[in-house]
Amino acid sequence: MKKDPAPTRAELKLAYVVNTILEVIFTVDAQERRRLTSEGLYGRRKLTALLRRQGHDVNGYVVDKAMRLPGHAGIRHGRQVRTTIPVKDGRRAGDLLNRDFTAPAPNHVWVADFTYCRTWAGFCYTAFGPASKAVPAPRC
């Protein structure tokens, strides 16, 4: 019968770091449920700095490996979405109203705009058109 070899020094240190990380990123509430703390959103760099401030002798490689073992990863920020792509010649449409949005009568000046909002499902694009004012009917 083969005897299991004793864990190496590196394996012991890694297990210690894994336990320390789990203590930092999780908390137990009154109903005995594990909850993620705000530090649980940290990535390797911030978690390494936090552990060093707490007095642990760790480096980024060990923290990275210790985060991968239980399957933990910090929050990932999405790639910035490019919403405006300028034309090669760099010319823009002229301002035909010279920033004067008053109109002498309805249906003489039309302006529009669009924007986008980030949602959990992606981006929501919203367009804004002319605001119509209720014009009172002429008195006869």
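## The pocket lining

By class, three nonpolar, two polar and three charged residues line the second largest pocket of this predicted model. (Ala, Val, Leu, Ile, Met, Phe, Trp, Tyr, Cys and Pro count as nonpolar, Asp, Glu, Lys and Arg as charged, the others, Gly among them, as polar.) The lining residues are L41, Y42, G43, R44, R45, K46, I75 and H77. (On a 1 Å grid over the protein atoms alone, a pocket is an open set of points where a 1.4 Å probe fits, with protein on both sides within 12 Å along at least five of seven lines; lining residues have an atom within 4 Å of a point.)

Since this is a predicted model, local features need pLDDT of at least 70 and side-chain atom pairs 80 or more, while totals for chains, interfaces and linings use all residues. Residues are numbered from 1 along each chain as its sequence is written, and side-chain values use heavy atoms, leaving out hydrogens and water.

Next up are helix 1, which covers residues 9–25, and helix 2, which covers residues 44–53. (Helices are DSSP runs of H or I with at least four residues, strands are E runs of at least two, and both are numbered from the N terminus.) The pair packs at an angle of about 100 degrees, with axes 12 Å apart. So helix 1 sits roughly perpendicular to helix 2 (65 to 115 degrees).

Who meets whom here? From helix 1 come T20, I21, V24 and I25, and they meet L47, L50 and L51 of helix 2. Sorted by class, this contact has six nonpolar residues, one polar and no charged ones. (Contact means heavy atoms within 4.5 Å.)

V24 belongs to helix 1. Is V24 buried or exposed? V24 counts as buried, at 14% relative accessibility (buried is under 20%, exposed over 50%, partly exposed in between, with a 1.4 Å probe and protein chains only). Setting aside neighbours within four places in sequence, V24 touches T37, E39, L47, L50, L51 and Q54. V111 is another matter: its C-alpha atom is 54 Å from that of V24, and the two are 87 residues apart along the chain.

N19 is also found in helix 1, but it is partly exposed, with a relative accessible area of 46%. Its C-alpha atom lies 9.9 Å from that of P70, 51 residues away along the chain.

## Two positive phi angles

E32 isn't a glycine, yet it has a positive phi of about 60 degrees. You'll find E32 in the loop between strand 1 (26–28) and strand 2 (34–36). With a relative accessible area of 65%, E32 is exposed.

R99 also has a positive phi, near 60 degrees, and isn't glycine either. Look for R99 in the loop between helix 3 (60–68) and strand 3 (113–119). R99 counts as exposed at 63% relative accessibility.

Note on methods: Axes fitted to C-alpha atoms, helices over the stretch in contact; angles between N-to-C directions. Parallel < 35°, antiparallel > 145°, perpendicular 65-115°, else oblique.
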